[in-house]
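Visitor: I am new to this structure. Please take me through it, and say what each term rests on.

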Amino acid sequence: MTSVADQLDKVLQKTTRLIELCNALQEENDLLKLENQSLKVAVDTSKAKRVDLEEKLRVTKLAKSIDGTSEKSLDIKQKINDFVREIDKSIALLKK
């Protein structure tokens with residue numbers, strides 16, 4: 001049978017080992033938190049860039065559609081005004 005001192009020594013060794021493991025896991029956790037934060041920033045940056053590129057694409061498509069027509073800019077303005085009047089009429093009818 002082992003003595004109480006031996007048993008206490010084993011408990012202290014195991015406790016020390018557990019503390020070391022806990023510290024190592026805490027360090028790994030801290031590193032993973034930093035990596036996670038870094039990846040979140042990268043994702044946010046990518047989302048902002050995607051939104052910006054989508055807006056540029058929309059503007060480019062609009063510019064090409066206007067540029068591609070053979071109508072003069074006054075004709076285009078007149079069409080836009082006609083659309084606005086139709087929208088205003090529709091809104092007026094919906095309010096009734």
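**Pairs along a helix**

Guide: Start with Arg 17 and Glu 20, which both lie in helix H1, three residues apart, about one turn of the helix. Keep in mind that this is a predicted model.

Visitor: What makes the contact between Arg 17 and Glu 20 a salt bridge?

Guide: The distance from N to O between the two side chains is 3.8 Å. The limit is 4 Å between a side-chain nitrogen of Lys or Arg and a carboxyl oxygen of Asp or Glu, so the pair of Arg 17 and Glu 20 counts as a salt bridge.

Visitor: Are Arg 17 and Glu 20 buried, exposed or partly exposed?

Guide: Arg 17 has 47% relative accessibility and Glu 20 has 46%. Buried means under 20% and exposed means over 50%. Both values fall in between, so Arg 17 and Glu 20 are called partly exposed.

Visitor: How many salt bridges does the structure hold?

Guide: Five. Among them is the pair of Arg 50 and Glu 54, whose closest N and O atoms are 2.9 Å apart.

Visitor: How do you know that Arg 50 and Glu 54 are separated by about one helical turn?

Guide: Because they are four residues apart in helix H1. Arg 50 has a relative accessible area of 44%, so it is partly exposed. Glu 54, with 43%, is partly exposed too.

Visitor: What makes Arg 58 and Glu 55 a salt bridge?

Guide: Their closest N and O atoms are 2.7 Å apart. That is within 4 Å, so Arg 58 and Glu 55 qualify. They are three residues apart in helix H1, which means about one helical turn between them. Arg 58, at 46% relative accessibility, is partly exposed, and Glu 55, at 38%, is also partly exposed.

**Exposed places**

Visitor: Why is Lys 64 called exposed?

Guide: Its relative accessible area is 61%. Exposed means over 50%, so Lys 64 passes the cut-off. Lys 64 lies in helix H1.

Visitor: Why is Leu 8 called exposed?

Guide: Leu 8 has 52% relative accessibility, and the cut-off is over 50%, so Leu 8 counts as exposed. Its place is in helix H1, residues 4-67.

Visitor: Which residues form a nonpolar patch on the surface?

Guide: Leu 8, Val 11 and Leu 12, with about 290 Å² of accessible area together.

**The whole chain**

Visitor: How many helices and strands are there in the protein chain?

Guide: There are two helices and zero strands.

Visitor: How much of the protein chain counts as buried?

Guide: Of its 96 residues, 1%. The accessible surface comes to about 9,200 Å², and 62% of that belongs to carbon and sulfur atoms.

Visitor: Where do the charges lie, and how many positive and negative side chains are there?

Guide: The protein chain has 19 positive and 17 negative side chains, and the centres of the two sets lie 9 Å apart.

Methods. Residues numbered from 1 in each chain as written. Predicted model: local features only at pLDDT ≥ 70, side-chain atom pairs only at ≥ 80, totals over all residues. Heavy atoms only, no water. Patch = residues over 30% accessible without salt bridge, like charges linked within 9 Å, V, L, I, M, F, W, Y side chains within 5 Å. Areas by Shrake-Rupley, 256 points an atom, 1.4 Å probe, with all protein chains shown as cover. Buried < 20%, exposed > 50% of the residue type's maximum accessible area, 1.4 Å probe, protein only. Lys, Arg positive; Asp, Glu negative; His and termini not counted. Charge placed at Lys NZ, Arg CZ, Asp CG, Glu CD.
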